[in-house]
Amino acid sequence: MGQTEIKLGGFGGQGIILAGYIIGKAAALYDKKNATLTQSYGPESRGGACSAKLIVSDEEIDYPEVLYPNVLIVMSKEAYLKFSPALIENGSLLYDDDMVENNIEIDKSVRAYAIPATRMAEDLGKKIVANIIMLGFFAAIMAVVTKRSLEEAIKTSIPKGSEELNLMAFQKGFEYGRKLVKLQSDVKS
Amino acid sequence: MSHDPAIRTGEHFLNGDEACAEGALACGCRFFAGYPITPATEIAETMSRRLPEVGGVYIQMEDELASMNAILGASSAGVKAMTSTSGPGFSLMMENIGLGIMMEIPCVVVNIQRGGPSTGLPTMVGQQDMMQARWGSHGDYEMIALCPWSPQEMFDFAIRAFNLSEKYRIPVLIMADEVVGHMTEKVVIPPKEEIIRLYRKKPQVPSNEYIMYETNGSLVPPMANAGDGYKVITTGLTHNEQGYPDMTAEAHEKLITRLCNKILLNKADIVEVEERELSDAEVVVVAYGSPARSAVLAIKKAREQGIKAGLLRLRTVWPFPEAEILKLAKQAKTIIVPEINKGQIVREIERCAKGNCEVILISKLALIHTPDEILEVIKNRRL
């Protein structure tokens with residue numbers, strides 16, 4: 001994959017920007033690729049719709065915006081409705097199905113992967129790690145950055161003392177993703 | 001290698017604002033006075049956290065007039081000092097930037113440009129203060145303004161801005177934009193011994209023989225620290241070499257000419273441009289800041305379609321790269337200028353092109369140009 005363009009969306013406070021930052025950091029510092037992160041910035045970063053845009057590339061990155069993402073990660077229905085039309089055909093959609101709603105009509109031309117990340121985070125006792133569960137899920141499904149680099153980036157981007165919880169959340173999301181991928185390939189074969 | 005907590009040698013994933021603050025610290029900045037404003041707030045935030053760690057001082061001031069005065073005061077006492085702001089604050093700083101120019105006090109002012117006028121569009125990108133950077137304070141003077149296009153350059157240009165300000169004793173502007181300020185990329189901070197850190201020329205005479213603005217044939221007088229026992233006399237009024245007000249045409253002519261010449265006669269040292277694919281280019285995009293990143297992709301696509309397109313990126317905007325533009329205008333048929341304003345630097349380019357080629361502005365507000373928007377103009381002009 002030469003260049004991957006990722007869009008992440010959700011509510012302010014869900015750690016959407018941090019999730020984008022962690023993937024970018026994993027790519028740029030630990031996988032030695034190029035990464036450029038931009039973000040929609042404004043009052044929405046304190047509650048409303050919020051998004052981060054990340055380009056990961058083996059080449060130099062010039063134009064920094066993501067117009068048509070090939071990966072969309074959403075943690076709210078609003079973000080799904082707002083950003084999914086721009087997702088390219090055969091693009092990957094990773095979403096929190098509790099937040100986006102189970103019965104939503106997902107476009108058949110995209111590869112959709114659902115995880116109840118927020119509920120899983122609540123089961124861990126900390127709703128705020130839902131974004132990290134989503135990162136684990138992302139690591140299991142997409143080969144953009146390595147799992148190891150993501151773990152390194154998480155460790156260096158979160159408050160000291162919360163490493164264990166975050167890495168556990170990451171692992172939960174990763175395992176959920178692995179099972180889902182296996183299930184889907186079993187269905188196909 | 002001794003550890004210096006001010007220099008975070010290594011690879012980091014930083015936004016442009018944070019990188020700018022780290023560059024300032026790495027160059028020896030130890031005083032920041034400012035008033036937080038979107039989209040420059042992360043510079044103040046980073047400085048407020050980092051300066052106390054390295055023995056420096058951070059002051060949040062009551063406004064931007066006071067911020068500018070505070071950094072002039074700190075620098076007069078011998079400390080490298082900076083402030084950061086955006087449009088509304090930049091307007092308030094103008095008078096005291098002029099004071100810094102007149103008193104010849106080194107310092108760095110960072111403007112992360114957003115949409116204006118007035119409070120305008122706080123969270124979205126602009127390049128609408130480019131002429132204000134040149135002419136915003138009253139009177140005649142020459143200015144130094146740098147335009148970074150990435151977080152790495154925010155770091156590098158912070159160092160360069162301090163070095164130029166110390167060398168030429170002038171407030172130096174970093175005219176970045178919101179996209180560059182808020183974009184996060186890898187930033188490499190080199191080891192301390194690889195970072196060039198200039199410091200103002202000090203007087204070589206005993207304190208009682210020191211004459212404040214005596215140049216001895218050079219264009220930049222040595223600078224004593226206020227408070228070190230030297231006779232430091234300075235004023236915003238037109239002054240003689242002693243620093244005393246001198247209200248004559250001769251004194252004014254002499255002083256203002258020197259203040260301009262110390263920049264103009266050193267353009268070779270100050271002006272930096274980056275050239276891409278220019279050797280055979282018939283259509284040239286001239287850009288600075290974030291739109292230059294779109295232009296890179298636009299000229300790449302144009303080349304793929306057989307169009308001889310190139311890019312001249314202005315890393316220094318003031319003093320203006322006049323000779324470089326004239327040379328280009330004689331070679332190219334068309335110069336295209338994407339700016340996030342209604343047309344500012346394009347006027348300088350038209351002036352310097354002297355009618356040798358067509359000059360086209362691509363004006364856009366609040367967003368950076370897409371590569372295709374620039375490519376369209378490249379393609380259409382070729383016919």
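**Notebook: loops, rings and cysteines**

I began with B:Glu277, which is partly exposed at a relative accessible area of 48%; on this scale buried means under 20%, exposed over 50% and partly exposed in between, with a 1.4 Å probe and protein chains only. I note that this is a predicted model, in which local features need pLDDT of at least 70, side-chain atom pairs count only at pLDDT 80 or more, and totals for chains, interfaces and linings use all residues. Residues are numbered from 1 along each chain as its sequence is written, chains are lettered from A and ligands numbered from 1 in the order in which they are written, and side-chain values use heavy atoms, with hydrogens and water left out.

**Backbone entries**

I placed B:Glu277 in the loop between β10 (273-276) and β11 (283-287) of chain B, where helices (H or I, at least four residues) and strands (E, at least two) are DSSP runs numbered from the N terminus. I read its phi as near 55°, a positive value in a residue other than glycine. Most residues other than glycine have a negative phi, and most peptide bonds are trans.

I then turned to the loop between β5 and β6 of chain B, which holds B:Ser118. B:Ser118 has a positive phi of about 55° although it is not a glycine, and it counts as exposed at 60% relative accessibility. In the loop between β5 (107-115) and β6 (121-125) I also found B:Pro117, which a cis peptide bond with omega of about 5° joins to B:Gly116.

I found that the peptide bond from B:Trp318 to B:Pro319 is cis too, with omega near -5°, and that B:Pro319 lies in the loop between β13 (316-318) and α11 (322-331) of chain B.

**Ring entries**

I looked up aromatic pairs, for which rings of Phe, Tyr and Trp (its six-membered ring) need centres within 6.5 Å, with planes under 30 degrees apart called stacked, over 60 edge-to-face and the rest tilted. The count over all chains is five. One of them is the tilted pair of B:Trp318 and B:Phe320, at 5.8 Å centre to centre and 45° between the planes. I saw that B:Trp318 is buried at 2% relative accessibility, and B:Phe320 is buried at 3%.

**Cysteine entries**

Which cysteine sulfur is closest to that of B:Cys20? I found it in B:Cys29, at 9.5 Å, too far for a bond, since a disulfide is a pair of cysteine sulfur atoms within 2.5 Å. B:Cys352 is in no disulfide either, with the nearest cysteine sulfur, that of B:Cys357, 11 Å away.
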